Amino acid sequence: QQTQGRDYDETFAPVAHITTVRTLIVVAATSSWTISQMDVKNTFLHDNLHEKFISNPPGVDAPLGYLYRLRYALYGLKQAPRAWFERFASVIQAAGFTPSDHDPALFIHLSPRGRTLLLLYVDDMLITGDDVEHISVLKKQLGEQFQMSHLGPLSYFLGIEVQHSPK
């Protein structure tokens, strides 16, 4: 029952385009790169809300006119996905990644050692590239910032089943 302009301003949060997911898989396959899949636990509890106060939620008895201060975003808040994406983007950009001009949910890191690609779809991410050492460091850095699940090599993502083959 949130009202735009009073309880929140923006709700839009970029997610990876399915075309970008397919392209990333093709690039990784033709380059013989491993694609790691990771998941962020309790995604929306990691973000910083711009709107800190909400009016009395339904079912909560409190004096009329009281406001509640939110310490974390909650699932169900309309602005939670946007706040999560902004938080994640700030962390990944501080690690030297830049968002793609074609898909803001694709982050790219280039160095003399190689390249690392990270694709975010809400709380699921794919990480690939030819800089294996940097990918390992990145996974550790992300684990320090967020509670993460390492799901291993990509096998299933957004309805796409992936099977590995030396061919």
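**Entry 1: H2 against H3**

I started with two helices of this predicted model: H2, residues 80-94, and H3, residues 132-145. I found them packed at an angle of about 135°, and their axes lie 11 Å apart. Angles over 145 degrees would count as roughly antiparallel and 65 to 115 as roughly perpendicular, so I noted H2 and H3 as oblique to each other. I also looked up the handedness of the H2 and H3 crossing, and it is right-handed.

Next I wanted the residues at the contact. From H2 I listed Arg87, Phe88, Val91 and Ile92, and these meet Leu138, Leu142 and Gln145 of H3. Sorted by class, the contact of H2 with H3 comes to five nonpolar residues, one polar and one charged.

**Entry 2: the sheet**

In what order do the six strands of the open sheet run? I read S4-S5-S6-S7-S1-S8, with antiparallel pairing. The edges belong to S4 (98-99) and S8 (148-153); each has a single partner strand, so one side of each has no neighbour in the sheet.

I then came back to H3, which packs on this sheet. H3 touches S1, S5 (106-111), S6 (114-121), S7 and S8, and its direction makes about 155° with that of S7.

S7 kept turning up, and I gave it an entry of its own. Is S7 largely enclosed by the rest of the structure or left open? Buried here means under 20% relative accessible area. Five of the six S7 residues are buried, so I put S7 down as largely enclosed by the rest of the structure.

On one side I followed S7 (residues 124-129) to S1 (residues 36-40): the two run antiparallel and are joined by four bridges. I picked out two of the pairs. Aspartate 39 has aspartate 124 in S7 as its bridge partner, and glutamine 37 stands opposite leucine 126 in S7.

How many bridges join S6 to S7? I have six, and again the two strands run antiparallel. One pair I wrote down is leucine 117 with threonine 128, the latter in S7.

**Entry 3: the S6 and S7 hairpin**

The hairpin of S6 and S7 has two residues between its strands. Which residue in this hairpin takes a positive phi? I found valine 122, with phi near 55°.

Note on methods. Residues numbered from 1 in each chain as written. Predicted model: local features only at pLDDT ≥ 70, side-chain atom pairs only at ≥ 80, totals over all residues. Heavy atoms only, no water. Axes fitted to C-alpha atoms, helices over the stretch in contact; angles between N-to-C directions. Parallel < 35°, antiparallel > 145°, perpendicular 65-115°, else oblique. Left-handed = near helix turned anticlockwise from the far one by under 90°. Contact = heavy atoms within 4.5 Å. Nonpolar A, V, L, I, M, F, W, Y, C, P; charged D, E, K, R; others polar. Pairing = 2+ DSSP bridges. Buried < 20%, exposed > 50% of the residue type's maximum accessible area, 1.4 Å probe, protein only.
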